[in-house]
Every structure is written in structure tokens, then in C-alpha cells.
Amino acid sequence: MKEKLKKIPPKYIVAGVVLMVMLLLLVKHRSIFYNSNQDNYNDMSGEEEHIAAEDTVVSQYFTISGNMQNIALLMTNDSGEDVTIHAVLRDADTNEVLNDIMCNVPKSTGTEEVINLELAVAGVDGTKNVCLTMEEVTKASEVYYCTLSGDYAQTLLVNGETTPQRLRMSVVYGSGLNKTFFLLFAFAMSVVIGIFVIPEKWAKPENMVLVLAAVMGISMAVINPAFQECDGPSHFYRSMDVSYGNVLGSFGNFTHEAGEIYVPENVQEIAYRQLTPNGSEGTAYMEYLKSHKFSKNKIKMTYYDSVTSVVYWPQGLGIFLGRTFNFSIYGVILMGRIFNLLAYMGLAYAAVRFMPFYKNLMAMFAVMPLSIYQASSLSQDAVLNGVGFLFVALCCYYAFDEKVKLNWKKTLVLGLLLLMMFLSKYVYACLGLLVFMIPKDKFNSRKDYWKSFIIALLPFVILGGYVMLRVSSGISGLQAGASGGADTMTQMQYLKMYPAAAVKVIISTLLVNINAYLMQLNILGSMNYPLTLFLVFGPCFLLGVGLLDGQEVRGRIKIRHRIIMLLAFIITFAAIMMGLYIGDGIANPVGASVINGIQGRYFILMLVLPFLALGSDWVKQDIRHFTVKCSGIMGIMLLYAVFMLVNTCY
């Protein structure tokens, strides 16, 4: 028997162990795939107030209308330590204890946190009047229950005294299995297991990008409730405008006047809402969007933000087809997400395929959970990141692949990719420094070299300059301080007066926020869905792949190339920070010492550059099936991200 086991290839043993662990976890947490609905007592119908938990017993009376799963309660904890509360749920008519629990309230530094009270109640036929009673076990000050004050049917007692308040909470009920979510997760799990046993000839990094992006991206597109990505409504409005024919902004709005967009006549019926994490609000919102359709009539809506149409073409096409086939609002949004994902998959596949080295690292950046989450939404980041990956890859391919000979057609591709990044977010034009890695001997002659790059830069200079002239007044307006007024100094004027302030504010921001940027690379949505297990493991995994993936370099990257790559990264990094510092006068008033509003996702497309610039092929690795193992580990991380989406939203 032992001899037979020894003959089994290790990859099958690894796949078997991973399968067993996943199945056990799936069985243990199977409840997340059951549909849920809720009674929402956090409808913001009254004035927000806090009740101190110290030396206080609160009793909230309410009615449940079915088998209850849990209660999602809002609290704050500024005590500086984790606090334990004792929660008891009783039958309000008989005083019978239905369930009780000791629950941890983590320190929250002033923010409202969702506390899940696992007070399941079964066997409820019809309705039942209940009372939730809570008090601190850990005696600590600065711990508060979040409430609304108003005229409510529910009664809240504080130390036995009636108050005009009610707790801000959601009562969550369970129902049948959500077959769609379960099948998507099961299929994704099967694909991850399959990666570990895939034949090596198929296990190319670019193929892994296609497989993981397609399977996990579609899962996220279906599962993620609408508008939960960062700036979700803004991306929706811009995509919708493109779907009505405005495909050439911001060169010019030929379908309507500037400052306007086209939207369906009943656009307000989307009932946009930001979901409360762990509030189980996703099911009701999803069903609402499925039961409504967009009007066939369009109207003009005031929208002053500049609309860069090119990065919304895929979403716009998907939304156009969704409206043409008369899909529900949910179906229209899903079509936009799917087409956005397809565009990202094509760009990312091409980038990894053309990359002459560090293929595995670029593939892992392309399929990390945040990258796939953005790609499967309506966000412009899908096209922006895909184009950025491809631009970096082509610069390296043209510079370091000895078989490549260049002409104006190939350099024109670089120019168009750079223009697309510029039109999306102007500061990414700084990555154009990478073209200086390309040696002149890649061309037939010096004359051909200059001719090719002049042709490549013509669209960028002409169209980019035209766009900058159109939007320069808007940028100048944003530079004013939050106080406003005609005589207010702008951020740009402040920096001209104190040029050293730019360096100081960048350094101070990095010292204060670098940890936050790393954490944000493992947070999905509008900073709502933290992938807690990977806040440390994720960056460490990517760092490990980067250190071990330089085997194909073999001295091909010279010191000059490394300097150019490092400068491109540093200058673009600084430009992103200063762009927000100058452009957002609300988040960053004139002279602010720290730059606010920066998110880790802004740097995804350029994170490979420090590895290229500082990496070494001296670090040897002889790991068999390196691509398979990297992709399998990333697949597990993506599965966890899908799990968290379901668990957080439904």
C-alpha cells in the first residue's frame, strides 16, 4: 500500500488535500449560500444618537416574522480594547429565553462597526414578539449602541426606562438555497483544484490569467450587488452615456452639450444604495433591480464631471445590448460588467504573453482579487489596468526581446496605449518614460527610429493637448481651497510659493499611510469588504513570487534600464499623489500636510516596475510547476474573495 502511495504524483496529493479542506469549509459555512431577507431598522428615518453601554442594560422590543438567522447591530468602541457584551433574546410574551450569546465588540476608533449577534431562532410560525437585552460583561467606557430617535412602534428600554429611540440593526431571516451562487462557487472551486493537476504544457501564465479571470470574474460580476465598486454611480452614468452614442468624449460631446449626459427616463428607479457590510441587504436590493426595467425613453441629466469615453466603451456596449434586449436593470448592469471583464481579459492575456520575463508576477498582479473585482464591475479601472499592463509589457518586449525589429506601426501601438491611459487619468502619462529603454538598434536606421517615435507621439500630443485645453478650467476650479471664494489661494499657487512643500507632503503621506495603501490592495468595493486573512499574506505572497520569478532575466536588464524603470515608477507614484493634492480641494485643502483620497488600487498597473528595477536573477529557484502553484494559491485567494462577497452582502 505504501509503495502504491509513493507512486502517486505529488500534484495529485496536493490537489486532494486542497479539495478536502475546501469541502470541509464549504460544509461548515454552507449557510452563506442560503437566501436571506431582513427587517431593516437602520432606515435613517430619525436622528442618529448614541447610548453609552457602560453600566447600562438596553432592551429592544420588536417582532420577528420567521426563522431568524442573526441580528446585525451597529456599535462603536473607542475604549481602546475589545469589549464583551452579553446578549439575550427572550419571548416578549412569556419571557422564555430563546437564545443568548457572549459577543465580542472590537475596538473601532470612532467608526460604526457591524456586530453580528448569532441569535438563531427556529420554529417560528407566523410572527413572534421578542425582546433583545444587552449589557457589558467587560466594564469599559466609550462603548456605545447606535440608535435612531423618532416615533417608532418598537420600544427601547434603557435601564428600565422607555426612550423614543430604537437600535440601528437588521434582523436577518434565512430561506432556501441560492442555487446560482452555490453553483458558481462550486465551479470556481473545481477550477482551482484543476489548476493543481493541469498538464504542464497548458500551464502558461497567460492561460492562467484567462482561466482565473473568466471564472472568478463572472462569479464576482453576478454576485456583487450593483454600484458597490468605488465611485459606482459615476461609472454607471458614464457607461450609460456611452451606450447612447457619446463615444468620443472627452474630445467632444457630439450627442449633447458639455455638462450633460443621456440616461433612461426612469433612471431614479435604480434606488442607488451603499450596502451595510454584513447587513444581509444584498438579496432584497438584487430582487428589486431584477423586478425593474429601464425606460426606452432617454433624457438629459446634468453631469459636470468630464467623461472619458474610451475606457467605457466595453461597458457601454454591454449596457446598449442589455437595453436593446429589454433586460432588467440588474441584467443591463450585468451585461456591462461582463463586457468590461472580456476587455480586461484580452488586454491582460496579451500583456502576460508579450512580457519577456516576470510573467508569473505580472499574471498574479493581473488576477489578484482587487484586479478581478474591478474588472468585473463597471469601473474604468478594468480598461486602465489592462492597458497599463500591456504598455509595460510591450515596452519590455520591444526593449529586451532580441528577435524583435521595430517600425512605426509597432511604436504607434505604444503611443495609442499611452494616450488611452492619459485620457483615463492624466498622471499615467509619466509611464511613457519606459519607451527610453528601447535601443535605437531595434530599428533599421536612426532616421527610422526618430520617424517611428514622432508618428507614435503625434496622436498623444495632438489629442492629449486638445483634451487638456478642454478640461484645464475645470482642474483650476478644483484647486481652490475648501473655503472657496474668488480670492482664495489655489493649491497650485501654494506649491509655486513653497516648492519644497511638495516633497514634504509626499514623504509625510507615505510615513502615515503606506500601511493603509497595502491594506487597500486587499479590500474590495467602496472600502467595504476586507479580505482579512490576506491583509498580510497577500502582499507577502506577491513579494515572494517577485523574488523567485527573475530566472529568465540573466543579465538582460542593464543598470540604465533599471534606472529608467525606477524613475518611471517613482515619478508616476508622485504624480498620482500630487494630482489628488492639486485636483481635490475638498479632501486636500490648501497647504494640507497629508494627501487624502489616495487608494491602493491606483498603483496596481505599475507594481511590477520595482521588481523589474530591483530584482535579481541571483535568487535561484528550482520549484517544479512554479506557475501552477502560484496560480493555485491565487485561485484559493480568489475563492476566499468570492466567499467574502457572498458572506458580506447576503
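Me: Why is N224 called buried?

Reply: Buried means under 20% relative accessible area, exposed over 50%, and partly exposed in between, with a 1.4 Å probe and protein chains only. N224 has 2% relative accessibility, so N224 counts as buried. N224 is placed in the loop between α4 (205–223) and α5 (232–243), where helices (H or I, at least four residues) and strands (E, at least two) are DSSP runs numbered from the N terminus.

Me: What basis do these values have?

Reply: The model is predicted: local features need pLDDT of at least 70, side-chain atom pairs count only at pLDDT 80 or more, and totals for chains, interfaces and linings use all residues. Residues are numbered from 1 along each chain as its sequence is written, and side-chain values use heavy atoms, with hydrogens and water left out.

Me: Which residues are in contact with N224, leaving aside its neighbours within four places in sequence?

Reply: Contact means heavy atoms within 4.5 Å. On that basis N224 is in contact with E229, R337, Y373, Y529, L645 and Y650.

Me: Is L289 buried or exposed?

Reply: L289 has 1% relative accessibility and therefore counts as buried. This residue belongs to helix α6 (residues 282–290).

Me: What makes L518 partly exposed?

Reply: L518, in helix α15 (residues 500–520), has 39% relative accessibility and so counts as partly exposed.

Me: What makes the pair R168 and E48 a salt bridge?

Reply: A salt bridge is a side-chain nitrogen of Lys or Arg within 4 Å of a carboxyl oxygen of Asp or Glu. The closest N and O atoms of R168 and E48 are 3.2 Å apart. The pair links distant parts of the chain, 120 residues apart, with R168 in the loop between β12 (165–167) and β13 (169–177) and E48 in strand β2 (residues 47–52). R168 also meets E112 in a salt bridge, at 2.8 Å from N to O.

Me: Which of these side chains are buried, and which are partly exposed?

Reply: R168 has a relative accessible area of 5%, so this residue is buried. E48, with 45%, is partly exposed, and E112, with 34%, is partly exposed.

Me: Why is the pair E260 and K300 said to tie parts of the chain together?

Reply: The side chains meet in a salt bridge of 3.9 Å, N to O. E260 lies in strand β14 (residues 260–264) and K300 in strand β15 (residues 298–302), so the pair ties together parts that are 40 residues apart in sequence.

Me: What makes a set of residues a nonpolar core, and how many residues has the largest?

Reply: A nonpolar core is a set of buried Ala, Val, Leu, Ile, Met, Phe, Trp, Tyr and Cys residues joined through side-chain atoms within 4.5 Å. The largest has 172 residues, and F391, M606 and L612 have the most contacts inside it. Apart from it lies another core, of 34 residues, among them Y41, I64, I115 and V130.

Me: Where does pLDDT stay under 50?

Reply: pLDDT is the predictor's confidence in each residue, from 0 to 100, and stays under 50 over residues 473–486. Where pLDDT is low, the predicted coordinates should not be read in detail. For the chain, the mean pLDDT is 87, and 93% of residues reach 70 or more.
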